[in-house]
Amino acid sequence: MNSTTTREARASGDPRSTPVRIGGASGAWGDSPLAVPQLLGAGVDYLMMDFLAEVTMSLLARARMKDAAAGFPPDVIGYLRPHLATLARQKVKVVTNGGGVNPLACKQALEAACSEQGIQLRIAAVEGDDLLPMAPALRAEGVREWVSGAPLPERLLTANAYLGALPIAAALAAGADIVITGRCADSALALGILMHEFGWGAHEHDRLAAGSLVGHLLECGPQATGGLFTDWEQVPGWDRIGYPIAECSPDGRFVITKPEGTGGLVTPQTVGEQVLYEIGDPAAYVLPDVVADFSQVRLVQQGQDRVAVDGARGRPPTAQYKVSATWQDGFRATSLVCIIGTDAARKAERTAQALLERSRALLQARSLPDFSATHVEVLGAEASYGAQSQARASREVVLRLVAEHPDPKALDLLAREVGSAGLSFAQGTAAFIGGRPKPSPVVRLYTFLVDKARLPAPRVRIGDEPAFEVPVPAGEHWEPTPAAAGTPAAGAAGAAGELVEVPLLAVAHARSGDKGDFSNVAIFCREPRFYDHLKRELSCERMAAHFAGTVEGPVRRFEAPGMAALNFLMQDALGGGGMASRRIDPLGKAYGQRALEMRVRVPADWLAAPAPATSR
């Protein structure tokens, strides 16, 4: 059923009798433009487009500093412009956070694109997330970073509150065809649609949690349809991977699917990996509209590439918004040098040492301070594994040398010296990838909480009409329950029979992600009957030992029995995380793969080939 037919069916009778179809048309700034025409051809009622991440906001802020009309990802306009006529004809609406740090400018640019084509669409912008004007007052009040307790930096690039779904629902109710927000909770993009379509109130917490789960599954695009799946060889058609569609019912239940004839794979396993992606406690996922509990979510295969989802529960939202601020902490240069031959890894390490010592001598001669930080990785020698590397004998490596300094001129000195490695150091120094490195700003994330009552109500602007405010409930005081502290629950009695040692990959699959300097690694049992045994095998202590040398902070464990899953949250795990990290894997994307290499003892009868699990 195409979107026009769907909308007409709801208009002709009970508006809640036909599922609302939402397509996840963008998972990040840089996702493929193929998603929009694919989903429009499949027949959806809405396109949800996510473009933002913490790092993205700082990039957009710098763009706005150079050009007052910038500050939003250009892809928003580029991806929608060719399809504006189709959107209008099919009456498909769009909700996106592509406004970045300048939603009004994004709105105006899209209105200009419509005007050029003679297309009339009502475009709304949501404002109210920018807290940068409040920074001096917040600093004077002693605001502290929510993990480290550090004071607010003197100069911020951005400071944005994660707004919720109410302004989006209000904009749609006022007749908007396209809603553009700045920083809001990614999941709120879908929740706002469903609050509008089904009339859900701010007090219907179970339904708000379900709607938030819809958004959480769609926000990363094809990651819910086989993208980044552990068993990647099972996923067909990467080149034409299907983007996710959520078919949503008014009771909060929904089905995840994808357009017919596309690549990808929709199973409880592919969808499950996305459910726990980038969250901490599945029983207490704090969002601006609701505290969601995904721990009892159930996933059931309903046919080829169709997975039914239910079981989300909710509690009242908190009285505070999460705020992500970014600030600049000096500059960084990264050099890449290819070295080939016997003992290539040792050659690379000595090359890095020589380059740093030579550069430090030059700094000293110019009365400049030492580098504020340096980092050496030998790619091809399993540098990300640290002491657990098994590839020290590699004959072909890439030296990755990272240095930071408050003064970009100091990094220019190092950059000029890198070329000398081809003359002064190891035989086999073959190539300088990317040429001489250029200094770039180091952007760090600073996260804190602010009372919702402190902020003015979010504002919605549609066309040339006066802006209107959208009141937001104050929320409730909330403290994590004891379970949220991550204390592992005791498992059932030990498994009977012979035990054999296997890689965790043999009995589980995984997905990992990041939030600042935290990494989460979610482990999913390949069969629900494995769950109690793996709860005993996979303790916080074992996970911490497995990531020793990489993870510097505590490890906590949370349970999601509805999906037979365990979620590990690791602190100080990413070398600062995002653009602040000097590591090759600053977002922990490979941590799930690394976790699956862990050796575990399991009953021998588990290794008999099981039938594919169709529910969880």
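Biologist: Which residues does Thr158 touch, not counting residues up to four places away in sequence?

Modeller: In this predicted model, Thr158 is found in strand β5, which covers residues 158-161. Not counting residues up to four places away in sequence, Thr158 touches Met57, Ser58, Ala61, Val101, Leu132, Ser324, Ala325 and Thr326.

Biologist: Is Thr158 buried or exposed?

Modeller: The relative accessibility of Thr158 is 3%. A residue is classed as buried under 20% relative accessible area. Thr158 therefore counts as buried.

Biologist: With which side chain does the side chain of Thr158 make a polar contact?

Modeller: Among the residues that Thr158 touches are Ser324, Ala325 and Thr326. The polar contact, at 2.6 Å, joins the side chain of Thr158 to the side chain of Thr326.

Biologist: In which order do the three strands of the open sheet lie?

Modeller: The edge strands, each pairing on one side only, are β9 (285-286) and β13 (313-315). β9 pairs with strand β10 (residues 291-293) in the antiparallel sense over two bridges. The order in the open sheet is β9-β10-β13.

Biologist: Which residue in β10 stands opposite Val286?

Modeller: Strands β9 and β10 are antiparallel partners. Opposite Val286 in this arrangement stands Val291.

Biologist: At about what angle to β13 does helix α10 run?

Modeller: Helix α10 comprises residues 205-218 and lies across β9, β10 and β13. Its direction relative to β13 is given by an angle of about 115°.

Biologist: How is α10 oriented relative to α11?

Modeller: Helix α11 spans residues 268-275, and its axis is 9 Å apart from that of α10. The two helices pack at an angle of about 105°. Because angles of 65 to 115 degrees count as roughly perpendicular, α10 is described, relative to α11, as roughly perpendicular.

Biologist: How do the residues of the contact of α10 with α11 divide into nonpolar, polar and charged?

Modeller: From α10, the contact involves Leu213, His216 and Leu217, and from α11, Val271, Gln274 and Val275. These residues divide into four nonpolar, two polar and no charged.

Biologist: What separation do the C-alpha atoms of Pro503 and Ile193 have?

Modeller: Along the chain, Pro503 and Ile193 are 310 residues apart.

Definitions and conventions: Residues are numbered from 1 along each chain as its sequence is written. This is a predicted model: local features need pLDDT of at least 70, side-chain atom pairs count only at pLDDT 80 or more; totals for chains, interfaces and linings use all residues. Side-chain values use heavy atoms; hydrogens and water are left out. Two strands pair if DSSP finds at least two bridges between them. Helices (H or I, at least four residues) and strands (E, at least two) are DSSP runs, numbered from the N terminus. Contact means heavy atoms within 4.5 Å. Axes are lines fitted to C-alpha atoms, for helices over the stretch in contact, and angles run from 0 to 180 degrees between N-to-C directions. Angles under 35 degrees count as roughly parallel, over 145 as roughly antiparallel, 65 to 115 as roughly perpendicular and the rest as oblique. Ala, Val, Leu, Ile, Met, Phe, Trp, Tyr, Cys and Pro count as nonpolar, Asp, Glu, Lys and Arg as charged, and the others, Gly among them, as polar. Buried means under 20% relative accessible area, exposed over 50%, partly exposed in between (1.4 Å probe, protein chains only). A polar contact is a pair of N or O atoms within 3.5 Å; within protein, one must be able to donate a hydrogen and the other to accept it, and residues adjacent in sequence count only if both atoms are side-chain atoms.
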